[in-house]
Amino acid sequence: MSITTEITAHYWAFAVFIAGAVGLCCFMLLGGYLLGGRAHSRSKNVPFESGIDPVGTARLRLSSKFYLVAMFFVIFDVEALYLYAWSVSIREVGWVGFFEAAIFIFVLLAGLVYLVRIGALDWTPERSQRLHRAGKITENQRHQQ
C-alpha cells in the first residue's frame, strides 16, 4: 500500500468515528425529546434529590476547614496512587526504589504530623476548645451537648 492510501484510510477512520459520535449524541437528544414527558406542573419545576424535598436555600456558607480537609484528602489520595505505582514495579526498582519510597512516606508522615500540630484537621469550634483547655467542661456536660 502506498503512503497516501494509508493516510487516507486513517483520515476516513477518524471521520467515521467523529460522525458516529455526533450521530449517537443527536440520537440520544432526539430520543429524549420524542419519548420524554410533556406534562408541566408546579411540582415539576421544584428541585428534587434523593427522595427529599428541598428545605431552605442551597447557598450555604461552609467553613474553610471543609475545603482544607478536602484538599488534604486529594493530596494524600494522589500520593497513595504514586505508592501503588511503586508497589507494582517493586521488582524492577529494587532496594534503591524501596529507600526512595521510604523517604517519600516519611515526608508524607511529617506533613501529616505538621497538619495535626497546627490544628488544620481539627473541626472543634474555638469556644469549646478554650473551655476544654480551661477544664470547665466535665464528662457529663460533654455528653449532654
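**An aromatic cluster in a helical chain**

Author: In this predicted model, ring pairs link Trp95, Phe98 and Phe99 into a cluster.

Reader: Which secondary-structure elements does the chain have, and how many?

Author: The chain has five helices and zero strands. Read from the N terminus, the order is α-α-α-α-α.

Reader: How many aromatic pairs does a search of the whole structure find?

Author: The search finds three aromatic pairs. In one of them, the ring centres of Trp95 and Phe99 lie 6.1 Å apart with their planes at 35°, so this pair is tilted. Planes over 60 degrees apart count as edge-to-face. The rings of Phe98 and Phe99, with centres 5.6 Å apart, have their planes at 65°, so they form an edge-to-face pair.

Reader: Why are Trp95 and Phe99 separated by about one helical turn?

Author: Both belong to helix 3 (residues 90–118), and they are separated by about one helical turn because they stand four residues apart.

Reader: Are Trp95 and Phe99 buried or exposed?

Author: One compares relative accessible area with two cut-offs: under 20% is buried and over 50% is exposed, with partly exposed in between. Trp95 and Phe99 are both exposed, whereas Phe98, at 38% relative accessibility, counts as partly exposed. Of the 145 residues of the chain, 6% count as buried.

Reader: Which residues form a nonpolar patch on the surface?

Author: The patch consists of Leu60, Leu62, Phe66, Tyr67 and Trp123, which together have about 580 Å² of accessible area. Among them, Phe66 is found in helix 2 (residues 64–88). Phe66 counts as partly exposed because its relative accessibility is 40%.

How values were computed: Residues are numbered from 1 along each chain as its sequence is written. This is a predicted model: local features need pLDDT of at least 70, side-chain atom pairs count only at pLDDT 80 or more; totals for chains, interfaces and linings use all residues. Side-chain values use heavy atoms; hydrogens and water are left out. Helices (H or I, at least four residues) and strands (E, at least two) are DSSP runs, numbered from the N terminus. Buried means under 20% relative accessible area, exposed over 50%, partly exposed in between (1.4 Å probe, protein chains only). Patches are made of residues with over 30% relative accessible area and no salt bridge: like charges are joined within 9 Å, nonpolar side chains (Val, Leu, Ile, Met, Phe, Trp, Tyr) within 5 Å. Accessible areas come from the Shrake-Rupley method with a 1.4 Å probe; for residues, only the protein chains shown count as cover. A salt bridge is a side-chain nitrogen of Lys or Arg within 4 Å of a carboxyl oxygen of Asp or Glu. Rings of Phe, Tyr and Trp (its six-membered ring) pair if their centres lie within 6.5 Å; planes under 30 degrees apart count as stacked, over 60 as edge-to-face and the rest as tilted.
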